[in-house]
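Welcome, and take a moment to look over the model before reading on. We will walk through it one region at a time.

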Amino acid sequence: MSALNDTVAAIATPQNTGSIGIIRISGEDAITIADRVFEPSGKKRLTALKGYRAAHGFAVSGGERIDECVALVFRAPKSYTGENVVELSCHGGLFVLRRVLRAVFAAGARPAAAGEFTKRAFLNGKLDLAEAEAVMGIINAQNEQGVKASLGVLEGSLSKKIGALCKKLVAASAQLGAWVDYPDDEIPELENDELENTLSGVQSGLAALLSKYDAGAAITRGVETAIVGKPNVGKSALMNLLSGRNRSIVTDIEGTTRDVVEETVNLGALVLRLADTAGIREAEDAVEKIGVDKAKKQLESAGLVFAVFDLSRPLTAEDEEIISLCKGKRVIAVLNKNDLSKELDRKRIEASFPETVELCALSGNGFSSLEETAERLLCTKELDTSEAILSTERQRKNAQSALESVEQALFALSSGVTLDAVNVCIDDAIGALLELTGEKASDAVLDEVFSNFCVGK
């Protein structure tokens, strides 16, 4: 990412035609640069305005008016980035916005990199790294629960929880370190029972956070979901039912779906990144065989699987292969075509899958049962979005690393090893937690986080 002491600018609204478009300028010279391209309707220039003030006028370039606009002035540190910020609200045509942006660049700003405004907010102490990631969570939210969960993290629910756990570890580490480094001083030794209680409490707190990760991810980032089954059991019909439109081709001809068809849908509180796959069977057709191989790979990587069976027909060898492939996965067996006579060995299915749902994908009969089962399986019904939630894979890895270090510290303590060795484990846990909130994150971690943001945020 480019130097953060420059003044940067970007279109902050979606790159599409709309009624209003916003160009954001941030940096020490933001107000001066904006003043060069803004002709006020009144007498006051932008440089004369206090913070939290708006002015009506025109965006200009080379003495020519480009568009009528409103300029909002925010003075450091009371802005999103913590720097001087000006937002030019123009008409939302892309051609006009790009002309105004070019004028801003010509006046001295440089193009903002992806996520640079939020990175500046992080570096200026306006929010920590977990809260910064919540910004993208809100932008990408697909439903109300996702917004609430991300908003809770943005307001500090996760950071406060991590901070409280980290504080306990830091206090224990400081006392251990002082006792080990200054054995001749009158520093009381931390009793093993007290240390064990502290570590066990942190262990429980981290384990509780991690236990809710899948449910949190299901409503914030979505779950990779594969629809699998042999040909002509109703996979594409189920895809269309879930997406609410004819996303996949539905025919009586086996092998119609040759590739993976993808769609993001809401199912209750869940966000599902659906993949309708080719029917799994021994395929002689080379193209279909590629589709079958892709279907098996999709199943392997999926966080949730809808294994579809035809309730109106007996189980076949192909069905048995599906059952085998689904072992160890989070699966709901979908018994489709419940409007027809039932020939399937239901006991065999129920013995293989803990969650089974009957429905008719064409009519939608039984859909509510599928929704309830999926929410129960992913534990989203019990999830309190106001509580601390790990919302990204990065956060999960940091929390998992901290938990493992705490468990190593507990094992070392119970094994009777020296306390300085226990303290090494505690310090590792502290490091992982500080990386989670960004207090000790490397430049590589920061670049990776903010590279996933859109330009203009």
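Which residue is the bridge partner of Val-73 in β6? The partner is Val-86. Before going further, note that this is a predicted model, in which local features need pLDDT of at least 70 and side-chain atom pairs count only at pLDDT 80 or more, while totals for chains, interfaces and linings use all residues. Residues are numbered from 1 along each chain as its sequence is written, and side-chain values use heavy atoms, with hydrogens and water left out.

Let us start with the strands (DSSP runs of E, at least two residues, numbered from the N terminus, as are helices, which are runs of H or I of at least four). Strands pair if DSSP finds at least two bridges between them. Strand β5 (residues 64-74) is joined to β6 (residues 85-92) by five bridges, and the two run antiparallel. On β4 (residues 53-61), β5 has another antiparallel partner, this time over nine bridges. Here His-56 stands opposite Val-70 in β5. β4 and β5 make a hairpin with two residues between them, and Gly-62 in the turn has a positive phi of about 60 degrees.

Now turn to helix α3 (residues 116-123), where seven of the eight residues are buried, meaning under 20% relative accessible area with a 1.4 Å probe, protein chains only. Among them are Phe-117, Arg-120 and Phe-122. The buried residues of α3 pack against β1, β2, β7, α4, α15 and α16. After α3 comes Gly-125, with a positive phi near 75 degrees.

Two of those packing partners, α4 and α16 (residues 443-451), also meet each other: their axes (lines fitted to C-alpha atoms over the stretch in contact) come within 10 Å and cross at roughly 20 degrees. Angles under 35 degrees count as roughly parallel, so α4 and α16 are roughly parallel to each other. Leu-129, Ala-132 and Glu-133 in α4 meet Val-445, Leu-446, Val-449 and Phe-450 in α16.

Finally, look for the largest nonpolar core, which has 37 residues. Such a core is a set of buried Ala, Val, Leu, Ile, Met, Phe, Trp, Tyr and Cys residues joined through side-chain atoms within 4.5 Å. Leu-158, Leu-169 and Ile-426 have the most contacts inside it. The largest share, nine residues, comes from α15. Leaving aside neighbours within four places in sequence, Leu-169 is in contact (heavy atoms within 4.5 Å) with residues including Leu-199, Val-406 and Ile-426. Apart from this core lies another, of 28 residues, among them Ala-30 and Val-100.

Conventions:
Buried < 20%, exposed > 50% of the residue type's maximum accessible area, 1.4 Å probe, protein only. Axes fitted to C-alpha atoms, helices over the stretch in contact; angles between N-to-C directions. Parallel < 35°, antiparallel > 145°, perpendicular 65-115°, else oblique.
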